[in-house]
Structures are given as structure tokens and as C-alpha cells.
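Work through the exercises below with the sequence and the model side by side. Each task is followed by a solution that goes step by step.

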Amino acid sequence: MNGRSQDDALLVLTGISKRFGSTQALEAVDFSAHAGRIHALVGENGAGKSTLVKTIGGINLPDAGTISLAGRLQQFSGPADASRAGIHLVHQELALLPNNTVAENVFLGHELAGAAGLSWSAMNRRAAETFRHLGLEIDVTRPTGELSTAQQQMVEIARATIRDFRVIILDEPTAALPPADTERLFAVLRDLAARGTAVIYISHRLDEIRALADDITVLKDGRHVATRPAAELDTASMIRLMVGRAIDDLFPPRGPRSQAAPILQVDGLIDPPRVYDVSFEIRAGEILGIYGLEGHGQDEVLSAIAGARRPVGGQLRLDGKPLAWAPVPTMIGHGIGFIPEDRKAEGLVLDLDGHANVSLPILRRLARHGWVNPRREREITTRAAGEAGVRGALDVPVRRLSGGNQQKVLLARWLAAGTRLFLMNQPTRGVDVGSKAEIYSLVRRQCVEHGKAALVVAREITELQGFCDRILVMSRGRMVAECSPLDSEEAILAAALGQEVQTS
Ligand SMILES: Nc1ncnc2c1ncn2[C@@H]1O[C@H](COP(=O)(O)OP(=O)(O)OP(=O)(O)O)[C@@H](O)[C@H]1O
Ligand SMILES: [Mg+2]
């Protein structure tokens, strides 16, 4: 490996195996990380990436294998133990205390002790400094639950930088981050590596891996497939190793523009301070994107139509008929299905199994005389999960599914329910490249062949360009432009930015 061997590695794992019930999550995996280098871990959803780093972070006890740090064998009895040894894991799923302040969360478990116990003023000061270093203005005395998902992610990252950890692991830290924060994060990680930290980085964004990693390890089905210097592994080869085949076209062909009648018309939607007078329509067969910079109202437009937040004013029409705003369950009854950005808080019931999560909105329809035939329920949910590409057991609490598979369970729910209008916020967040291609073509088929429609909010312009028929651009709560997916990325970004410059 480029002259670097396990001998000079800081962290060395050998023969790590881990089984959960019937799932062999890891099978005899060897892995090593070097001080001063950024080592990326890639693989499909369920490949075992999170399981591997949780083993390093002391959260999972491996069934077999050894871990050594700086030449010494380690046996972590828990995360605190791993933390003492100098290892810090930033989880894939946020693990912050929502009612505690930002500063409290940053220092959780590492509180600074002053003469009279904990020195909150010192911690507040240090936390504020840390965020300044990260290039962020965050009031560290606010309850963490009030922050946006992206800001909460930065709190997790700040936690990793307050002490001199020897190994820092980030499990999909950018899935919820806007591009500017991603850039800042990369600068911080490069800086940490330059100071001798071993950084382990998991992401499905392969362009990020290209920009950031020194070394790349590919896992597939719980096994180690390859470890190479990043310079020797191009993206196409990386995908082939991950997926087992080449993916030539991430996005399905678009076909002719839909001439069908509108499914949904939105007229003068108002929800201050985020949404002012938004009007548009979406036709059967159409995939419509909405792009905006972080916090410019696109999320609220989607949530309002889904019934998740009540707008102050505006009119909706479904199939040409007025549709009074109603909460989520009623909107589901109208054939509107919502895939929220935060699938955990708003979408899934984590302690229920996959079957129950898929059948949730159709239970009443399935019930005869108040009784649901479990065989029938399973038939429907298994078929929908198969169509959505869920790989992972459906009979365990969805909490235990890998991140990408949780996303697919939500999609399966709306397939099972016969939803006509898919409202999708970051539909491929945390989804591997092969599954992305499957989701895009699945939604496209649903629209073209069954007259359904999708309204999509995404952070990446290129995703909207590849997936959508038209792209509406929002800025400061208003629709400011309609773009073609063939317009350049720069033009679409300029539309989102331009209005901002004019109005300020
Ligand atoms: N606590 C658990 N109980 C049961 N199965 C589990 C548990 N944790 C992980 N698994 C299973 O182990 C396999 C590996 O999961 P893991 O979370 O490591 O995947 P991953 O590579 O991180 O995927 P993703 O990219 O979707 O996050 C999956 O099939 C997952 O469902
Ligand atoms: Mg994972």
C-alpha cells in the first residue's frame, strides 16, 4: 500500500466479525488507519461501514478479531473507553440532547471542571471559539433542538474537535450539510490530519471522497474488498468494486414533457417568514424539482403540501378541485405521500418493524371488521419493500436497519399506499450510488406509467438536473425562476443567488 504497511499504522483491525441475528454484518474484516491521513470507507447500504466504525468506537463488541492502537491491543468496553483511548466517533444518526444547550452538547462527557465544579462560562466561551474556528455563528446557549439539522451536524463535528483525539471517525457527516458547510468541514478535517490525527470518513458522495481521501477502503456484504491509495482508484472503478457492476447512467431517460392535466395546483401559498406568495403546478407524469439555498422556503413549501405545517394562506387544488389544507393523515388519504428530510423524527416509527412501517398508512384500508390479516399485510409490505429495493430484514425494528435502507422503507410505504403525489425532501440522502439509480428509475416509472407525480427538494443541483423535468428556484421565500434541467448548474445557482443580491 504505497509503502505504508500495517506496521506503521496507528489503528489496526484484524479479522473483525460481527453478526446480528441472521445478518452477518462483518466477516473477517482487516482495516488500518494511519496518523496524518484521511481514510475513506465506502460501500453499498448495509455493507457494514457503520458496524465497522462502531466497533472501533467501542459501541459494538466484535464477535471475533482484534483492535490495536499504536501497537497496543485494545478491548473497549464502551464508547467512553474508546474515547479515553483517543477515539471519537461522529455518528451517522445525530445523538444530541435536544433540551440541553449547544455548549453542553459540545462538552458532553468532557465537561471542563472549574474551581467550583463545572465552569459553564468557560465552556460557553470555548464552544463559541470552536464554532468560530468552524466558520459558524451559532448561539451556544440555545437549546440544541432548536437548531437546523445542518447546524446540529456541526455541533456533532465540533464535539470531535474540542480534544486532541488520535482517531476521528465521521459516519456520513455531510448527508445533511449544505455545500458551504461541507467545504468548511473538509478544511477542518485536512487541518486535523495535518496535525497527525487519523481521520476515517464514510460517505456515499463519491466526489467528496475524491476531493478528500488519501486512502480508500471498499466494503461489500460485510467483507473487505479493496484498500487503495485514492490516487490509484478512479470513481468508476470504485463504483464497480462497491456495486459489483458499472453504472453508466445514474438517471433514467426523461422522455417527452407531460401534457397531462395538473395533479396539484398551488396558488399564493403564504407561510411567513419562510414562504411568500408561492404559486406553481405539477402535472401527472411529471417530476418537478425545487431548488433553493438552505432555508429559503423550499422545505416549508413541501411540508405545507404534505400537511406537516399549516400555511397562513394560499389555495391548493387537487385534480382541479379545491383541497382544503389538512394534517398529514388526511393528505395521505388524498394520495399525497411525504418523504421528509428527517426520516427519523417525522417519517419512521423506529421501534416498529419494517412491515409495520410500510403498512402504517394503509392499515385501516387493510382491516376487515377491525382486524388486519397479517398474511395479507406481509404480502403487500414485502412486495413494496422489494420494489423500493430494501435490503435488510423487514421483521426487525427499523431502528436497526442501515441508514439507506431506512430511506427505502419510507419509499416502500408510499408505493404500498398507492400514493399519487410523492413529496420528497432529499430523497437519496444516505443512499448508495446503485440504490440511487434504482430509486430514480422507480419514481420515473411510477410517474410515466401510472400517471403519478413527484415534487422533489434536494441540496444538489446536479441531482435535480438529472432527475427532474423542470426546476423551480426559490429565493427568500419566493419563486424566482423556472429552469430547464438542461440549464447549467451555474445558471440555476445564479437564479437562487441573483434574486438575493437584487433584493438586499
Ligand atoms: N443492531 C442491529 N441489529 C440487527 N441488524 C443490524 C444491526 N446493526 C446493523 N445491522 C445490519 O447489519 C448490516 C450492516 O449495517 P451497517 O449499518 O453497518 O451498514 P452501512 O454500510 O453503514 O450502510 P448505510 O450506508 O446504509 O449506512 C445491515 O444489514 C444492517 O441491517
Ligand atoms: Mg451506515
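This is a predicted model: local features need pLDDT of at least 70, side-chain atom pairs count only at pLDDT 80 or more; totals for chains, interfaces and linings use all residues.

Residues are numbered from 1 along each chain as its sequence is written, and chains are lettered from A and ligands numbered from 1 in the order in which they are written.

**Exercise 1.** Describe the shell around ligand 1 by residue, by element and by class.

Solution. Begin with the residues: 22 lie around ligand 1, and those that come nearest are Phe 20, Asn 45, Ser 50, Ser 402 and Gly 404; a residue is near if its C-beta atom, placed from the backbone, lies within 6 Å of the molecule. Next take the elements (DSSP runs numbered from the N terminus, helices being H or I with at least four residues and strands E with at least two). Strand S2 (23–33), helix H1 (49–56) and helix H15 (403–416) each supply at least two residues of this shell. Finally, sort by class: five residues are nonpolar, 14 are polar and three are charged, where Ala, Val, Leu, Ile, Met, Phe, Trp, Tyr, Cys and Pro count as nonpolar, Asp, Glu, Lys and Arg as charged, and the others, Gly among them, as polar.

**Exercise 2.** Which residues have the most contacts inside the largest nonpolar core?

Solution. A nonpolar core is a set of buried Ala, Val, Leu, Ile, Met, Phe, Trp, Tyr and Cys residues joined through C-beta atoms within 7 Å; buried requires 20 or more other C-beta atoms within 10 Å of a residue's own, exposed means 12 or fewer, and partly exposed lies in between. The largest core has 71 residues, and Ala 412, Leu 423, Val 456 and Val 473 have the most contacts inside it. H15 gives the most to this core, with seven residues. Apart from this core lies another, of 67 residues, among them Ile 67, Phe 76, Ile 169 and Ile 216.

**Exercise 3.** Explain why helix H5 is largely enclosed by the rest of the structure.

Solution. Helix H5 (residues 149–161) has 13 residues and reaches 19 Å from its first C-alpha to its last, close to the 18 Å expected at 1.5 Å a residue, the expected span being 1.5 Å times one less than the number of residues. Ten of the 13 residues are buried, so H5 is largely enclosed; the buried residues include Gln 151, Met 154, Glu 156 and Arg 159. Among the elements that cover them are strand S6 (87–90), helix H4 (120–133) and helix H6 (179–194).

**Exercise 4.** How many bridges join strand S1 to S2?

Solution. Strands pair if DSSP finds at least two bridges between them; here seven bridges join S1 (residues 11–20) to S2, and the two run antiparallel. Leu 13 stands opposite Phe 31 in S2. The strands form a hairpin with two residues between them, and Gly 21 in the turn has a positive phi of about 55 degrees.

Conventions:
Two residues are in contact if their C-beta atoms, placed from the backbone, lie within 7 Å.
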